[in-house]
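Hi,

Here is the structure I promised to pass on.

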Amino acid sequence: MSDTISILGYNVFTGTSTLVSDKVGGDAYFGADDGLHTLMIDLDSFIGSIKIQASIVKTPTDDDWFNAEIAGTTFAVDTTGKVGTSVAINLDYTSAETSIKTYNTVGNFVWIRASISNWTAGIIKRIEINR
């Protein structure tokens, strides 16, 4: 199964610095086992921090969520010549960011959501996931 769904739709900064999206089903919710989730984040003059959170519990409480590692599209070569991608937990934007970027996160997640913090300006046009 492969489909693209919205985690978070169009949101304009209104003075509230935090926002948590509704949860959406991840691969494990549908019984898939490859665990690959590709994210697309579309921002306009956004200043703040974005985390992608996941849960492996069917009925999660606040304590059942953890921050998923997000692999970016920046590549680096280590001293052995191995090529790897950068991995982050937070996507921090301290100056106005206008972009559309893609990231991957891998895990047999039942649920996935977006968590926004330190939001001081701008627009989140959309955060989508392909699972």
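First, the ground rules. This is a predicted model, so local features need pLDDT of at least 70 and side-chain atom pairs count only at pLDDT 80 or more, while totals for chains, interfaces and linings use all residues. Residues are numbered from 1 along each chain as its sequence is written, and side-chain values use heavy atoms, with hydrogens and water left out.

**Strands**

Strands here are DSSP runs (E, at least two residues), numbered from the N terminus. Two of them pair if DSSP finds at least two bridges between them.

- β1 (residues 4-8) runs antiparallel to β10, with 4 bridges joining them; Leu8 stands opposite Ile127.
- β2 (residues 11-12) is antiparallel to β10 too, through 2 bridges, and Asn11 faces Ile124 there as its opposite residue.
- β3 (residues 19-20) has 2 bridges to β10, again antiparallel; the bridge partner of Val20 is Ser115.
- β4 (residues 24-25) is joined to β10 by 2 bridges, also antiparallel, with Gly25 opposite Trp111.

**Core**

I took a nonpolar core to be a set of buried Ala, Val, Leu, Ile, Met, Phe, Trp, Tyr and Cys residues joined through side-chain atoms within 4.5 Å. For burial, the cut-offs are under 20% relative accessible area for buried, over 50% for exposed, and partly exposed in between (1.4 Å probe, protein chains only). The largest core has 23 residues, of which Ile7, Phe46, Ile50, Ile116, Ile124 and Ile127 touch the most other members. The elements giving two or more residues to this core are β1, β5, β9 (90-106) and β10. As general background, nonpolar side chains tend to be buried together in soluble globular proteins.

Ile116 makes a handy entry point if you want to click around. Leaving aside neighbours within four places in sequence, its contacts (heavy atoms within 4.5 Å) include Leu8, Leu19, Phe46, Ile50, Ile124 and Ile127. Ser17, Thr18 and Ser49 are also among the residues that Ile116 touches.

**Charges**

How many salt bridges are there? With a side-chain nitrogen of Lys or Arg within 4 Å of a carboxyl oxygen of Asp or Glu as the rule, the count comes to 4. One of them is Arg126 to Asp42, at 3.1 Å from N to O. Asp42 counts as buried because its relative accessible area is 7%, whereas Arg126 is partly exposed at 32%.

Arg126 also meets Glu128 in a salt bridge, at 3.8 Å, so Asp42, Arg126 and Glu128 are linked in a network under the 4 Å rule. Glu128 is partly exposed, with a relative accessible area of 22%.

Elsewhere, Lys101 and Glu97 form a salt bridge at 3.4 Å, N to O. Lys101 is partly exposed at 34% relative accessibility, while Glu97 is buried at 17%.

**Surface**

Ile56, Val57 and Phe66 form a nonpolar patch on the surface, with about 250 Å² of accessible area together. The patch rule takes residues with over 30% relative accessible area and no salt bridge, joining like charges within 9 Å and nonpolar side chains (Val, Leu, Ile, Met, Phe, Trp, Tyr) within 5 Å. The areas are Shrake-Rupley values with a 1.4 Å probe, and for residues only the protein chains shown count as cover.

The C-alpha atoms of Thr14 and Asp92 are separated by 19 Å, and the two are 78 residues apart along the chain. Val106, in strand β9, is exposed at 57%. Not counting residues up to four places away in sequence, Val106 touches Asp34, Gly35 and Leu36.

Cheers
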